Amino acid sequence: RKIENPKKKKLKHLQLTTKVANEFVAALQSGKRPTDEYISKEYRLDIINKPHLRFLELELEYPKHTKLPNEKLENTGDLIVPHGTIIKWSVYTRNTDSVVFLIDSLYYPLETSVKDKFKFKKLAKNNFTYAIDLKNKNINNVGKIRYTVKVIPDLYPEIAIQEFKDSISDDIRFFTGKIKDDYGFTKLTMHVQQKNKNSTKSIKITNDLEQEFYHFFDFSSLEINEGEELQYFFSITDNDYISGPKTSVSQKYSFRKMTKEEKEQLINKQKQDFASKTEDLLKEIQDLQKMIEKLQLKMKEKKQLSWEEKAQLHELIEKQKSIQKEFEDLAKKNEFIQKKEQQNNPQQSEDLLKKQKEYNELFEKIIPDEMKEKLKELEKLSENIDKRKLQEELDKMQKDNAFLEKELDRSME
């Protein structure tokens, strides 16, 4: 209502007097003091109630597969939540007829069953911003309160595999693997893809979010022909029930079943390698025998060994250790070749069985453990030299090596 001011005085004071609740009487005055000059007649000033947000309550229901406990928050609008979280808002207001959520340009009126309390819920799958807009019959816009919700995505599971071939059987593979996920797994599977058939095998895992596993597979258990090739890989599936379980796969591996001829060629190659290593070992034994003879001659000529001769003795001991190690490797290689031959040709010829028996007898005659004990004794004597005992140990070593040389030479005939 327009205020009358017939004398056109400058109005400087507005005095309000309360009569009843939410009603005031106003007198407009000019001058420096309320008593100066012009005083208007009384006017009524009605107070309009402004919508007011008292507080905000949120309930966070996390997806079951995250194993996170649900939470309640107050007066917090900005959030960081896992993908699939159900967010429930309770908006407590005063002097408010309606509340609207503005989410990414879309309007959502909030439900209410109790005065000045409004509710809303949303499944959080992606980042979003939202604003809360309060209204009543007198005021349509009091300014929006804006918040941000950041959603942490449910990541794909991770898998890494290492493959190892069996030292004896061409059909067996060993695997070690690592799997990792943010919330957990439902299954780990090995997949085998053949020409006309696919098969799977489940692998047991634990509830740990990061873990290692071990697995082996015998391809002879499959119906596969000689020369046939197949592929295989591993898959890991997480436990995301919101968007559906996600699966990651390892790299692909291949297996080819060797033919009998290929296996025989491989065995022959290993035999050649065995024979070559045996010849090398024989030469090393012969060289060592010469070193022992030279050292023995010097020991007979002198009462005490010089620094140079002591160094030769240490070199001799190290060379003997090397020969023993090579001998043990030969024994293992012989065992490997025999097992390979038995696998490839169970009905072996009489000549082959005889040759294998000779090798077994050779490696049984020469006991590396006994040779090691003699070496230990020789090492002790090299530190505190007793010429008589040292000479005895060198004689024993020379005899052992002569026997080893003879037997290896005979086995190669």
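Here are a few friendly notes on the strands of this predicted model.

1. The model is predicted, with local features needing pLDDT of at least 70 and side-chain atom pairs counting only at pLDDT 80 or more, while totals for chains, interfaces and linings use all residues. Residues are numbered from 1 along each chain as its sequence is written, and side-chain values use heavy atoms, with hydrogens and water left out.

2. Start with the open sheet, where 5 strands follow the order β6-β13-β12-β8-β9 with mixed pairing. Strands here are DSSP runs (E, at least two residues), numbered from the N terminus, and two of them pair if DSSP finds at least two bridges between them. The edges belong to β6 (79–82) and β9 (106–109); each has a single partner strand, so one side of each lacks a neighbour in the sheet. On average, neighbouring strands of this sheet are turned by 25° against each other, direction ignored; the axes behind that angle are lines fitted to C-alpha atoms, and angles run from 0 to 180 degrees between N-to-C directions.

3. Next, look at how β9 is held. Strand β8 (residues 98–103) runs antiparallel to β9, with 4 bridges joining the two. Val100 has Pro109 in β9 as its bridge partner.

4. Tyr92 finds its bridge partner in Lys117 of β11.

5. Finally, β11 also meets β10 (residues 111–114), antiparallel and through 2 bridges. Glu111 sits opposite Lys119 in β11. The hairpin of β10 and β11 has 2 residues between the strands, and Asp116 takes a positive phi near 65° there.
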